[in-house]
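Dear colleague,

Please find below the structure that I am handing over to you. I would ask you to look at it first and then to read the notes that follow.

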Amino acid sequence: MQRRSFTKLLALGAGSQLIGEPESDAAVETDKPMTPKNSDDRKPSDQPGPVVVEDFIELSRQKLPRPSWEYISTGSEDQVTLADNVDAFRRIGLLPPVLHGVGQADLSTTVLGQKIDMPVMLAPVAGLRMFHPDGALASARAARNAGTICAVSSSCFSSIEEVAAASDGPKWFQVYMPQDKGVARSLVKRVEAAGFSAIVITVDLGERKDADRRNRFSVPHDMLLKHLRDIGHTLPDSITTEKLDAFNQAAWQLSMSWDIFDWLRGITNLPLIVKGVLTEADARRAVKEDVDAIVVSNHGGRRLDGMPASIDRMQRVAETVNGKSELLLDSGIRRGTDVLKALALGARAVLVGRPQAWSLSAAGQQGVSQMLGFFREELENAMISCGCRNVGDISSNLLLNTPPMD
Ligand SMILES: Cc1cc2nc3c(=O)[nH]c(=O)nc-3n(C[C@H](O)[C@H](O)[C@H](O)COP(=O)(O)O)c2cc1C
């Protein structure tokens with residue numbers, strides 16, 4: 001199979017082998033969990049099933065070619081930010097009250113007016129169809145079944161219409177901006193027509209991961225050709241890999257500025273979400289641009305290494321924004337208690353990236369459903385332990401060692 005070489009923006013690839021056979025519709029629709037085997041009837045070779053989100057890391061590693069697994073799992077350069085995203089949550093302690101009489105918790109909330117059953121959503125993840133044949137279709141269905149929102153990457157390698165047909169659940173579309181304004185405009189119109197309820201603009205661009213360069217991580221030619229056609233480009237079947245690669249390199253806007261929001265407002269009424277804000281100044285600017293929501297994110301440590309953990313920036317951004325825009329957070333969320341801490345510091349909900357990619361590659365839609373189920377159970381447990389009947393009861397009073405404010 002022909003391949004293209006690694007490129008700056010769409011650092012997608014390897015996967016010349018797709019993983020496993022496509023799931024049957026029945027399997028895809030049921031969300032039957034991967035249940036841990038009863039130890040009594042377990043053969044020595046049997047693997048226990050996952051019981052926490054991070055169990056999917058190893059299950060994913062067993063399923064994927066190494067370059068694909070490393071594409072998902074690694075961070076940029078020395079991976080300082082990647083590690084800190086997780087460590088920063090561990091630095092924050094919990095000090096709950098006792099005898100609060102709370103025995104159950106309501107995890108539901110609203111994001112941009114959309115009611116969701118729990119404050120954990122799926123982050124946009126590129127290349128999903130390389131990690132499992134059902135890709136974003138499986139993620140969107142699992143999100144719908146969990147009563148939450150799926151933010152779909154424009155580089156997931158399934159078309160807008162394919163994802164929309166797969167799930168009638170709430171979906172956002174994350175756009176990497178095509179250079180060609182005509183293509184960009186028609187992409188946005190197709191997102192509207194397909195029933196997506198918001199557009200996410202990712203503004204922290206420029207992935208640079210050593211592992212991907214060592215592995216010469218690349219996208220199969222046919223997948224890249226389909227992807228560029230899905231975006232709205234007309235390309236002949238006969239195009240060579242070299243020409244396709246060159247076309248792809250030139251196809252995307254890699255240096256955007258804030259005026260992108262003006263342009264988008266001129267062509268759509270969909271809510272606009274900016275993803276990748278960490279500083280107070282950028283948060284202020286986002287409010288000035290009237291964005292509907294801000295995702296406090298360092299892109300899961302995949303962009304500029306050395307940036308602080310997202311959770312360490314959350315409270316400052318929340319104070320700056322002061323309720324003028326909804327706030328979400330991603331990067332490093334692995335436990336229900338991480339979700340609780342993010343909400344306590346001002347997020348309305350969180351998004352998960354790698355947990356989605358690991359669980360999808362390990363077990364398709366069922367894996368993603370199970371992963372979301374772990375977050376639900378752990379958050380519910382954490383809320384009950386902290387005496388929170390609903391997400392509105394979650395506050396910074398529950399936290400110890402919160403990140404310093406100066
Ligand atoms: C394999 C992979 C691909 C990603 N692709 C995109 C993408 O296409 N667009 C985007 O905005 N963010 C992308 N992200 C970043 C996620 O949306 C999210 O910000 C990040 O994964 C959150 O950190 P976490 O992985 O620790 O949950 C990607 C992340 C991963 C792991």
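What kind of unit do strand 5, helix 7 and strand 6 make? Strand 5, helix 7 (residues 160-166) and strand 6 make a β-α-β unit that is right-handed. A crossover is called right-handed if, with the strands pointing away from the viewer, the path from the first strand over the helix to the second runs clockwise. Helices (H or I, at least four residues) and strands (E, at least two) are DSSP runs, numbered from the N terminus.

Two remarks on the model are needed at this point. It is a predicted model, in which local features need pLDDT of at least 70 and side-chain atom pairs count only at pLDDT 80 or more, while totals for chains, interfaces and linings use all residues. Residues are numbered from 1 along each chain as its sequence is written.

**Strand 6 and its partners**

From strand 6 the chain crosses through helix 8 (residues 181-193) to strand 7, and this β-α-β crossover is right-handed. Strand 6 and strand 7 (residues 198-202) run parallel and are joined by four bridges; two strands pair if DSSP finds at least two bridges between them. Across this pairing, Val175 stands opposite Ile201. Strand 6 also pairs with strand 5 (residues 150-153), in the parallel sense and over four bridges, and here Trp172 has Ala151 opposite.

Strand 6 (residues 171-175) is largely enclosed by the rest of the structure, because five of its five residues are buried. A residue is buried if 20 or more other C-beta atoms lie within 10 Å of its own, exposed if 12 or fewer, and partly exposed in between, with C-beta atoms placed from the backbone. Lys171, Phe173 and Val175 point one way from strand 6, Trp172 and Gln174 point the other way, and all are buried.

**Strand 11 and its partners**

Strand 11 (residues 349-352) has Ala349 and Leu351 pointing one way and Val350 and Val352 the other, all of them buried. Three bridges join strand 11 to strand 4 (residues 120-122), and the two run parallel; Leu122 has Val352 as its bridge partner. Strand 10 pairs with strand 11 in the parallel sense, again over three bridges, and Leu328 is the bridge partner of Ala349. The chain passes from strand 10 through helix 15 to strand 11 in a right-handed β-α-β crossover.

**Helix 4**

The twelve residues of helix 4 (residues 80-91) should span 16 Å at 1.5 Å a residue, and its end C-alpha atoms are 15 Å apart, which agrees. The expected span is 1.5 Å times one less than the number of residues. Among the buried residues of helix 4 are Leu82 and Phe89. Its buried residues pack against helix 14 (310-321) and helix 15, where contact requires C-beta atoms, placed from the backbone, within 7 Å.

**Two residues with positive phi**

Arg216 is not a glycine, yet its phi is positive, near 45°. Arg216 is in the loop between helix 9 (210-214) and helix 10 (221-231), and it counts as exposed because it has 12 C-beta neighbours inside 10 Å. Ser331, also not a glycine, has a positive phi of about 100°. Ser331 lies in the loop between strand 10 (326-330) and helix 15 (336-344), and it is buried, with 34 other C-beta atoms within 10 Å.

**The ligand**

The ligand is surrounded by 23 residues, and Ala126, Ser153, Thr202, Gly300 and Gly353 are the closest. A residue is near a molecule if its C-beta atom, placed from the backbone, lies within 6 Å of it.

Yours sincerely

Technical notes:
Contact = placed C-beta atoms within 7 Å.
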